[in-house]
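Visitor: I'd like a walk through this model, one feature at a time. Could you give me the rule for reading each feature and then the case at hand?

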Amino acid sequence: YIFGESPNIIQFDLFSCTCKNGYFGIDCVNETQCFNEGFDKETVCHGHGTCLSHNNCTCMDHYSGDSCSNFSCFSIPHQSNQSCSSHGECIHYNTCNCTYPYTGKNCSDFKCFSTLKNESTVCSGHGDC
C-alpha cells in the first residue's frame, strides 16, 4: 500500500512483482517446497528429481513416486527383502550394498578365502565353495 497525502486515502501500488523460479506470492517471499524441502536443496525429491511446485516432483529416469523415493535393483523394488539377491541392500537404482561375504552387482557372488566361488582356483583348485 502507498499512503496518499491525506491519512484517510490509501492507494494500491501500481507495480507488481514477477517472482523468480521457486518463489511465489505478491512480494515473492514464499519459497516453493516439496515435502518440507526447499526447491533448490540437493535433497529435494530425495535427490532424484526436481521440485516443480508445492509437493510436485518430477523424477529422474528410474525413480518414481510422489517424492521420487521409489527405485529398483535389477527389476526388484528396493524395499523388497529379495532385492540384491537377499544378500544386501538396494541403495540406489541398480546399486547394491552387499553384506559380507557376498559381492557382485546384485550380491549373488561370494568368495571363499578371497577367491570368487566360480573361479577354477577356488579351494586351491581341489574343491567347491
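**Strands, turns and disulfides**

Guide: Let's start with an open sheet of 3 strands, ordered β13-β14-β15 with antiparallel pairing. Its edge strands are β13 and β15 (115–116), each of which pairs on one side only. This is a predicted model, in which local features need pLDDT of at least 70 and side-chain atom pairs count only at pLDDT 80 or more, while totals for chains, interfaces and linings use all residues. Residues are numbered from 1 along each chain as its sequence is written, and side-chain values use heavy atoms, with hydrogens and water left out.

Visitor: What counts as a strand, and when do two strands pair?

Guide: Strands (E, at least two residues) are DSSP runs numbered from the N terminus, and two of them pair if DSSP finds at least two bridges between them. Here β13 and strand β14 (residues 109–112) run antiparallel and are joined by 2 bridges. Look for T103, which stands opposite D109 in β14. As a general idea, side chains in a regular strand alternate between the two faces of the sheet.

Visitor: How many bridges hold β11 and β12 together?

Guide: Strand β11 (residues 88–92) pairs with strand β12 (residues 95–98) over 4 bridges, in the antiparallel sense. H92 stands opposite T95 in β12. The hairpin has 2 residues between the strands, and N94 takes a positive phi near 50° there.

Visitor: What does S67 touch?

Guide: Contact means heavy atoms within 4.5 Å. Not counting residues up to four places away in sequence, S67 touches F35, C45, H46 and C57. S67 and F35 are 32 residues apart along the chain, with their C-alpha atoms separated by 7.3 Å.

Visitor: Where is the cis peptide bond?

Guide: Go to the bond from Y100 to P101, where omega is near 5°. P101 lies in the loop between β12 and β13 (102–103).

Visitor: How many disulfides does the structure hold?

Guide: A disulfide is a pair of cysteine sulfur atoms within 2.5 Å, and the structure holds 7. One of them joins C34 and C51, with sulfur atoms 2.2 Å apart. Its S-S torsion is about 85°, so the link is right-handed. The pair ties together distant parts of the chain, C34 in strand β5 and C51 in strand β7 (residues 49–53), 17 residues apart.

Visitor: Which disulfide is left-handed?

Guide: Take C98 and C107, with -95° about the S-S bond. C98 is partly exposed at 24%, whereas C107 is buried at 0%. C17 is in no disulfide, and the nearest cysteine sulfur, that of C28, is 4.6 Å away.

Terms used
Buried < 20%, exposed > 50% of the residue type's maximum accessible area, 1.4 Å probe, protein only.
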